Amino acid sequence: MGSNKDVLQGTLALLVLKTLARGPMHGYGITLQIQMLSKEVLRVEEGSLYPALHRMAQDGWIKAEWGTSENNRRARYYSLTAAGRRQLAEEEKSWARLTQAVAQVLQHA
Amino acid sequence: MSWVSRLRGTFRKEEIEHELDEEVRAHIEMRAADNIAAGMAPPEARYDAQKRFGNSTLLKEDAREADIIGWLDSVAGDFRYAVRILRKNPGFTLIAILTLALGIGCNTAFFSIVNGVLFNPLPHPHPEQLVTLGESKPNFTNGSISYPNFVDWQKDNHVFSAMAVAREYGFTLTGLGDTEQLIAKFTSSDYFTVLGANPVIGRTFVRGEDKIGAAPIALIGAGLWKRKFSSSADAIGKPLILDGKSYLIVGVIPEVFDLYRSAHPTDVYVPIGQWNNPLLPMRGAGLGIHGVARLKPGVTMEQARADMQRVTGNLAEVYPDSDKGIGANLTRFKHALLGDVQPILLVLLGAVGFVLLIACFNVASLTLARSTGRTREFAVRVALGAGRGRLIRQLLTESILLALVGGGLGLIVAHWTTRAALKMLPADMPRAADIHLDSHVFIFTAVISLLAGILFGLIPAWRSLDLFLADTLKESGRGSSGTRHRAQNVLVVLEMAMALVLLIGAGLMSRTLSHLWNIQPGFDPHNVLTFSISLSPTMSDANPAAIRAAFRAVSENFAAAPGVQGVSTSWGAVPLGPDDEQLFWLDNQPKPSSENDMNWTISYVVEPDYLKVMRIPLIRGRFFSAADNEHAPPVAVIDEVFAHKFFGSANPLGHHITFQQGELRAEIIGVVPHVKQWGLDSDESQSLRAEVYIPFMQLPDAAMKLAPTGTTIMVRSDGANTALFDSLRRVNKQMNAEQVVYGAQTMEQIISESLAARRFSMILLAVFATMALILASVGIYGVISYLVGQRTHEIGVRIALGARRWDVLQLILSQGAKLTIFGIAIGTAASLALTRLMTRMLYGVSAADPLTFCGVAAVLGIVALAACYIPTRRAMRVDPTVALRCE
């Protein structure tokens, strides 16, 4: 099944990709977005965010560019690539399958 | 695309780090700003934002390790860290490096010897096709091939692409400056084809030029070419005067790698048909001719042996007199060259491997001991997020670094010791010239350094981490050091076991050698000098009477030299030297029709003073006198083996022997004891041991005509003159300027050289065993020292509670004794199993000799206990007030 860390990592990637589907964003923004959309239930561990972003960039799902942030600081903006969009669709499908399966087990257990 | 970004990443590493730093800083700033906006005080706001990030260093490390270059970078970091740690602990580092240098160094040195001798390919093209040939006869498994047999073997066989024979010889060179004695070889035409040797200039022999009666030609060696012809090309076509006869030089050839290499390079090669020995055309003659041949591609040894059996079988039918019962002996060239040496070298290779293992165990033990002091360091790293794998990698890096440095130092040590060892090698050790430090040796050193580093690094690393990660951090980790003890104890016990094995091996060898030295050869070898003499070339055509007169003069002149007590000319066999045999029949038997019905005996042709020179006693009858000359009735003296074999307990005096050569019928006038002809220890097991002595002057004329070249002179002196041979050489020159004496050796040297191989193994084993003993005692000293250090507190308590110094001594020494006894027990068991591999090298002792085993065990026990002495004294001197204070 994979260690705890792996499942969370996979989920984090899914959340990040979905967030970026709305438009390019920097790391802090992604954190805030996920927090807000999940109504404070999900908090991204900042220590694990940047390694995850780095990995996803290496895998070619997102790309990074330097830009200026709201408070006029230099910040790195991430955006979805075409491969990233395809990956997002895949991950959404897997997630749906997973939750459906878990729900079925819970119903009949 | 990810590969591209990785690649880009490797070249822009610094830039990427800066970017990451900046990104994280921006993130923190943004959150801090939001925190302030939400009402936090600025310092708190920043702190909170930073805290969420946790360990930024770990972030960066993780991000970095995501690719290979990042991994390499962290390995480099490990390396730098290892260097720092090792420098902080100079004592440990120095001892470890020296120990490893010793262990790796002697392995490298020994490997370079084994490499040169066993592993280096032979210099011939397709060496696996080369085979040595000999005749197998009733008394000799690999005997000389007769010339007529060789010719037929060459003609009739189907399996060899080329076959050749050779025979060592010596010529006197005249007419080119100083008269010189040359090292020569008679060869057949195909000799150089078989061995793949090409001439420097000119040509080699052509088929047919080796026939008896062909024109006299010669090939000269590079050394002679330089000495007498200044390496000029016009040497071709010039005449070379050997033993008074002129040979035409047709080519110059570099040294040929053959089985029988003398210490000096061959000066001249002459076709074998030119040998004026009257026995050459005789099919049954044994003249010391050996053969070498090249198999046709794809032919196996079994096929070759089968074919040669057919050939010799046919010859036995056609010539039953001389060839009945004679077969061909084929041996692979490499095996013939190295067969005897290989098992010895392999035993020694095992021994030197033990030394390395002991060295590694010592360093492992040291590392284990040191790891107790590093628990804090490990704790910090684990807190920083290092996993167990990472820590092990760090420790391994340290040990491999140590091993590589030790290996480098060992290489230098090996270089010196190899040169020293080469001087000690037996003179007949094959391929000694090929031993030097080459790429094989470097690779070997690097590989075993690496393996050694992993070996002595991995085990302690695993053990200490296991214990550490299981424990919580305690200031005094007393519980964990118990298990660490066990690992160290096991190592020390194994070390002592291995040292015991080596010591027993060395002990057995040295007893063997002392037994061999004490074997009576049958004569007194002290102060006996032997050398060869060639009369002036004008004597080659002289009549036998003149030759006899010349030899009489030679004997008289040498006998008159100061310090000389006895002189004897010698023809035929020399004890422990070249052999010579004759066929004969007894008494009044008619001449047997076939040689198979005759008997063999070793034959010594000597002068009356021989008994005095060799100090051989007389058992019965009398020896020769000056009256038993060419005009008197032929006489002979036999040895006890001959007497027993052919006459039983009856009195042999008065019986007659008729020798096949010249059909000489001699009366037996005396009996002497047996002398060891074949070897100090191997003589007993030979089948041909009967010996007979004939007066030199009574040699048949046909043989006497050959005597002017290469007869031996044996001289007994009073030992006062150390430069005896030089004096005799001057005497010789005064007799005749063209007479040459050469090849001087004392009988003691001859005996010593027959033991050289065994002596070499003994010395090496002794050296390895001593090193093992030193390392093992250092090992046990270290362990007991460590034990005392760990238990100082406990000892303090005991003393405070009333224990006497003596009790403390018993406590510590019993630890040491326990380890030693275990080591001796395991070592003895291992020795019993392993020394069986040495049986062939031993003489006079069994591989399980109880005296050696007990003696060596006692030595090891004493040394081990002595090594425990210093730590024990330290334990006895523990001051309880001090010990108890350091809680």
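Me: How many helices and strands are there in chain B?
Reply: The model is predicted, so local features need pLDDT of at least 70 and side-chain atom pairs count only at pLDDT 80 or more, while totals for chains, interfaces and linings use all residues. Residues are numbered from 1 along each chain as its sequence is written, and chains are lettered from A and ligands numbered from 1 in the order in which they are written. Helices (H or I, at least four residues) and strands (E, at least two) are DSSP runs, numbered from the N terminus. On that basis chain B has 28 helices and 22 strands.

Me: What radius of gyration does chain B have, against that of a compact globule of 887 residues?
Reply: The radius is taken over C-alpha atoms, and the globule rule is 2.2 Å times the number of residues to the power 0.38. The C-alpha atoms of chain B fill a box of roughly 135 × 80 × 55 Å along the principal axes. The rule gives a value near 29 Å, but chain B has 38 Å.

Me: At what angle do helix H18 (residues 544-560) of chain B and helix H22 (residues 724-735) of chain B pack?
Reply: Axes are lines fitted to C-alpha atoms, for helices over the stretch in contact, and angles run from 0 to 180 degrees between N-to-C directions. Contact (C-beta atoms, placed from the backbone, within 7 Å) joins Ala553(B), Val554(B), Asn557(B) and Phe558(B) of H18(B) to Leu728(B), Val731(B) and Met735(B) of H22(B). The axes lie 10 Å apart, and the angle is about 140°.

Me: Which class of orientation do H18(B) and H22(B) fall into?
Reply: Angles under 35 degrees count as roughly parallel, over 145 as roughly antiparallel, 65 to 115 as roughly perpendicular and the rest as oblique. With an angle of about 140°, H18(B) and H22(B) are therefore oblique.

Me: Is Ile358(B) buried or exposed?
Reply: Ile358(B) belongs to helix H13 (residues 341-371) of chain B. A residue is buried if 20 or more other C-beta atoms, placed from the backbone, lie within 10 Å of its own, exposed if 12 or fewer, and partly exposed in between. Because Ile358(B) has 30 other C-beta atoms within 10 Å, Ile358(B) is buried.

Me: How far apart in space are Ile358(B) and Met498(B)?
Reply: Beyond its neighbours within four places in sequence, Ile358(B) is in contact with residues including Glu495(B), Met498(B) and Ala772(B). Ile358(B) and Met498(B) are 140 residues apart in sequence, yet their C-alpha to C-alpha distance is 7.5 Å.

How values were computed. Two residues are in contact if their C-beta atoms, placed from the backbone, lie within 7 Å.
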